[in-house]
Amino acid sequence: MRRKLRIYTPFINAGMQEMSTYRANWLFYILGDVLACFVSFFVWEAVFISNGGESFMGFDKSDMVVYIFMSFLTGQVISSGGTYNIGEEVKDGSIAMRMIKPISYNATFLFQEIGNKLMEIGVIFIPLVAGVEIYRFAVTGELKFDILKFLIYLVCCVFAYAINFFFNICYGFTAFVFKNLWGSNMLKNTVVSFLSGAIIPLAFLPEVLKNVLICLPFSSLTYTPVMIYMGMYTGYELLFFAGVQIFWAVVFWLLSKVIWKCVINRLSIQGG
């Protein structure tokens, strides 16, 4: 284990250096997402106003604000660029240089993204969580931050990232066959955003549809961690959703290995 960590530690450093080197690009990317988050806030503000009350579908206004911003934060923390990166490397041929190295192809992406995440946590995670809690205190007059729920939320984010990482790796491997994933990746991101509850809480959907979606892997990416943070899940529900997350993380991990073996012989270098 120590030997493997020594091998892949440089990739963590590379991820951190990439973020610091291209920090202006990253900051503008985050700024775009923040603006989209505020657009979502004003849209839901209009929904509550048109509804003529302080609650809508079991959520009050403060709950909805917390859900919007924690969904944004969770999406940033568990995001993975595996599909895009693999697609670009297949397209320009640079994947050949990565494949000749005597190390795990998946692990190089994983540890490089860990470096990215360490930078993101320091820059946006802590300030945004603090801002959400200050807002809740200002609205309700009481401190609702629960350290136990927060720790469970963090664990859920780890499993959510594992699911998202291996799902994107699996999808990225289809570039070995289709050569260019830019368009299909955009479609995939939109569909996943809806199914994960990042656009609209799954609790707002019809009961039958909601019960189906919460058992799929995508609800584990955003909806489950945020609902746990907000204290909507307790007791046996926590165990159930933790089990769902672990199940899908293992499924996509195994699936990534199977797909890799199936498509590796289909690779043809386009550039380089």
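Please bear in mind throughout that the model is predicted.

Let me begin with the chain as a whole. The protein chain contains 12 helices and 2 strands. Read along the sequence, the elements follow the pattern α-α-β-β-α-α-α-α-α-α-α-α-α-α. Of its 272 residues, 41% count as buried. If we take the contacts between residues at least 6 apart in sequence, 78% of them join residues at least 24 apart.

I turn now to the helix pairs. Two packed helices are described by the angle between their axes and the distance between the axes. Helix H3, residues 61-78, packs against helix H6, residues 105-140, at an angle of about 175 degrees, and their axes are 10 Å apart. An angle over 145 degrees counts as roughly antiparallel, and H3 is therefore roughly antiparallel to H6. On the H3 side, the residues that meet H6 include Val-65, Val-66, Phe-69, Met-70, Phe-72 and Leu-73. On the H6 side, those that meet H3 include Ile-124, Phe-125, Leu-128, Val-129 and Val-132. The residues of this contact divide into 15 nonpolar, 2 polar and 4 charged.

Gly-131 also has its place in helix H6. Is this glycine buried, exposed or partly exposed? With a relative accessible area of 35%, Gly-131 is partly exposed.

The crossing of H6 and H7 is right-handed. From H6 the contact draws on Asn-106, Phe-109, Leu-110, Glu-113, Lys-117, Phe-125 and Val-129. From H7 it draws on Phe-150, Tyr-153, Leu-154, Tyr-161, Phe-165 and Ile-169. These residues divide into 10 nonpolar, 1 polar and 2 charged.

Next comes helix H12, residues 236-263. H12 has 28 residues and reaches 40 Å from its first C-alpha to its last, close to the 40 Å expected at 1.5 Å a residue. Its buried residues are Phe-241, Val-244, Gln-245, Trp-248, Ala-249, Phe-252, Ser-256, Ile-259 and Val-263. An α-helix has 3.6 residues a turn, so residues three or four places apart point the same way. What covers the buried residues of H12 includes H6, H7, helix H8 and helix H11.

Finally, the loop between H10 and H11. Ser-220 is found there, and at 1% relative accessibility this serine counts as buried. Which residues does Ser-220 contact, leaving aside its neighbours within four places in sequence? They are Ala-160, Ile-163, Pro-225, Val-244 and Gln-245. Of these, Val-244 and Gln-245 are among the buried residues of H12.

Leu-221 has a relative accessible area of 3% and is buried. Not counting residues up to four places away in sequence, Leu-221 touches Thr-74, Ile-78, Ala-160, Ile-163, Asn-164, Val-192 and Ser-196. The C-alpha atoms of Leu-221 and Tyr-161 are separated by 7.2 Å, although the two residues are 60 apart along the chain.

Technical notes: Residues numbered from 1 in each chain as written. Predicted model: local features only at pLDDT ≥ 70, side-chain atom pairs only at ≥ 80, totals over all residues. Heavy atoms only, no water. Axes fitted to C-alpha atoms, helices over the stretch in contact; angles between N-to-C directions. Helix = DSSP H or I, 4+ residues; strand = E, 2+ residues; numbered from the N terminus. Parallel < 35°, antiparallel > 145°, perpendicular 65-115°, else oblique. Contact = heavy atoms within 4.5 Å. Nonpolar A, V, L, I, M, F, W, Y, C, P; charged D, E, K, R; others polar. Left-handed = near helix turned anticlockwise from the far one by under 90°. Expected span 1.5 Å × (residues − 1). Buried < 20%, exposed > 50% of the residue type's maximum accessible area, 1.4 Å probe, protein only.
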